[in-house]
Amino acid sequence: MEIIQIVGIGILATVLILVLKEQKPVFAFLLTTAAGILIFLFLIGKIGMILGTLERVAESSGMEMIHIKTVFKIIGISYIAEFGAQIVRDAGQESIASKIELAGKVLIMVLAVPIISIIIETVMKLLPA
Amino acid sequence: MTWLGGWLHELILVVLMAAFVEMLLPSKSMERYARLVLSLLILLAMLSPLISLLKGDASKELSAAVRQQENSGWPGGGKGKGGESLDQILADGRRLAAGARDQSLKLAAEEIAGQMRDQIAGSTGAKGVKVTVALGMGKNPEAPLGQEVPGIISVTVVLPPPQGSAGSSTAGAAGGSGTEGSPIHIEPVKPVQISLEDSSGDGSAGQASPMPEDSVAAGAGSGGNDTRQASEADAEAGNIIRLLEENWNLDPGQIKVQSTGADTVKS
């Protein structure tokens with residue numbers, strides 16, 4: 001029944017923000033941020049549970065830990081970047097939000113660099129010199 | 001056949017996880033990039049027997065590369081995991097500690113110089129004495145384990161010009177108060193001409209020739225006055241050295257007294 005709590009928090013925050021926006025736009029923005037963080041905190045336990053299950057399954061089946069770590073980093077970077085970008089976008093700063101998304105994309109691509117280098121080295125060794 | 005089973009096992013797991021993670025991703029904009037990295041991971045899992053054949057352990061290679069990337073990444077990314085970063089932190093700490101010690105030594109040297117100046121002014125009545133104290137770390141013979149303790153390396157006392165010192169040494173504290181009113185006035189050194197062949201040359205050479213060591217100070221007064229002032233300055237320097245030796249438990253070799261007017265250096 002957490003979904004009811006979360007939707008309730010969302011609707012309540014929306015009504016309050018609509019009322020507050022006429023008087024104090026700054027406080028409306030703060031309320032938006034607070035509501036977003038609250039919903040994220042509700043979800044963070046569930047996300048941790050999912051990740052823990054994944055990790056346990058991978059460990060028990062003898063999968064490489066470095067793969068798991070890379071995948072978890074991808075998930076974390078994309079969630080955090082998305083969350084921050086949405087908050088900034090709500091405050092009306094579209095350009096900063098796109099910069100945050102750009103940073104998230106770049107950091108995800110950086111995770112690919114060691115993998116790409118190993119694959120390319122292997123392929124180069126396969127090719128006749 | 002076991003390696004084939006293990007390889008298939010891993011491949012299937014990676015593909016399943018990639019599909020699962022793709023659903024977990026929050027937005028469309030990140031999806032393409034995440035999909036690229038996930039597909040690279042699947043490719044790596046597919047190639048892992050080949051990599052193991054050519055380069056040794058594939059996962060070990062990858063984790064070494066990732067660790068190197070983390071360490072050489074930006075300042076917040078590495079978290080200081082490697083041994084070299086620990087060494088760097090320790091070196092930074094030592095450098096900071098040395099800097100703090102140098103600063104405290106400098107403060108203590110200024111404090112000691114002030115106290116010495118007060119003592120010299122109190123006992124000899126000389127005003128305007130400049131005292132410079134150099135402190136350094138030295139071995140403490142009494143302490144166990146060879147700890148280093150700060151000690152006085154050298155003391156340099158610069159006496160005021162002879163008008164002030166002469167007045168104060170003859171008249172004591174009263175003379176000192178008299179010199180405070182008049183500004184310190186240093187005349188430029190006149191050109192010194194030394195004639196070797198004849199003592200009865202022109203006037204300026206005759207004035208300079210009898211006392212060559214005092215001729216530098218000849219600008220301050222006449223020749224007869226110079227010798228008296230020099231001896232007075234010598235006596236005063238001796239007094240100051242004795243005073244500092246007794247009060248501060250120093251070697252005579254560590255104390256250096258310079259008189260700016262008479263240019264005598266005593267140590």
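User: What makes the side chains of A:Lys46 and A:Glu2 a salt bridge?

Analyst: A salt bridge here is a side-chain nitrogen of Lys or Arg within 4 Å of a carboxyl oxygen of Asp or Glu. For A:Lys46 and A:Glu2 the distance from N to O is 3.4 Å, so the pair meets the rule. Before we go on, a word on the source: this is a predicted model, in which local features need pLDDT of at least 70 and side-chain atom pairs count only at pLDDT 80 or more, while totals for chains, interfaces and linings use all residues. Residues are numbered from 1 along each chain as its sequence is written, chains are lettered from A and ligands numbered from 1 in the order in which they are written, and side-chain values use heavy atoms, with hydrogens and water left out.

User: Which parts does the pair of A:Lys46 and A:Glu2 tie together?

Analyst: A:Lys46 sits in helix H2 (residues 25–60) of chain A and A:Glu2 in helix H1 (residues 2–23) of chain A, so the pair joins parts that are 44 residues apart in sequence. Helices (H or I, at least four residues) are DSSP runs, numbered from the N terminus.

User: Why is A:Lys46 called partly exposed?

Analyst: Buried means under 20% relative accessible area, exposed means over 50%, and partly exposed is in between (1.4 Å probe, protein chains only). A:Lys46 has 38%, so the label is partly exposed. A:Glu2, at 38% relative accessibility, also counts as partly exposed.

User: What about chain B: how do you know that B:Glu22 and B:Arg35 meet in a salt bridge?

Analyst: Their N to O distance is 2.7 Å, so it falls within the cut-off. B:Glu22 is in helix H1 of chain B and B:Arg35 in helix H2 of chain B, 13 residues apart. B:Arg35 also meets B:Glu31 in a salt bridge, at 2.8 Å from N to O. B:Glu31 and B:Arg35 both lie in helix H2 of chain B, four residues apart, about one turn of the helix. An α-helix has 3.6 residues a turn, so residues three or four places apart point the same way.

User: Is B:Glu31 buried or exposed?

Analyst: B:Glu31 is at 16% relative accessibility, so it counts as buried. B:Arg35, at 41%, counts as partly exposed.

User: What makes up the contact between the chains, then?

Analyst: The contact (heavy atoms within 4.5 Å) takes 37 residues from chain B and 36 residues from chain A. About 3700 Å² is buried between them, and carbon and sulfur atoms give 82% of that area. Buried area is the accessible area (1.4 Å probe) that two parts lose on being put together, summed over both.

Methods:
Helices (H or I, at least four residues) and strands (E, at least two) are DSSP runs, numbered from the N terminus.
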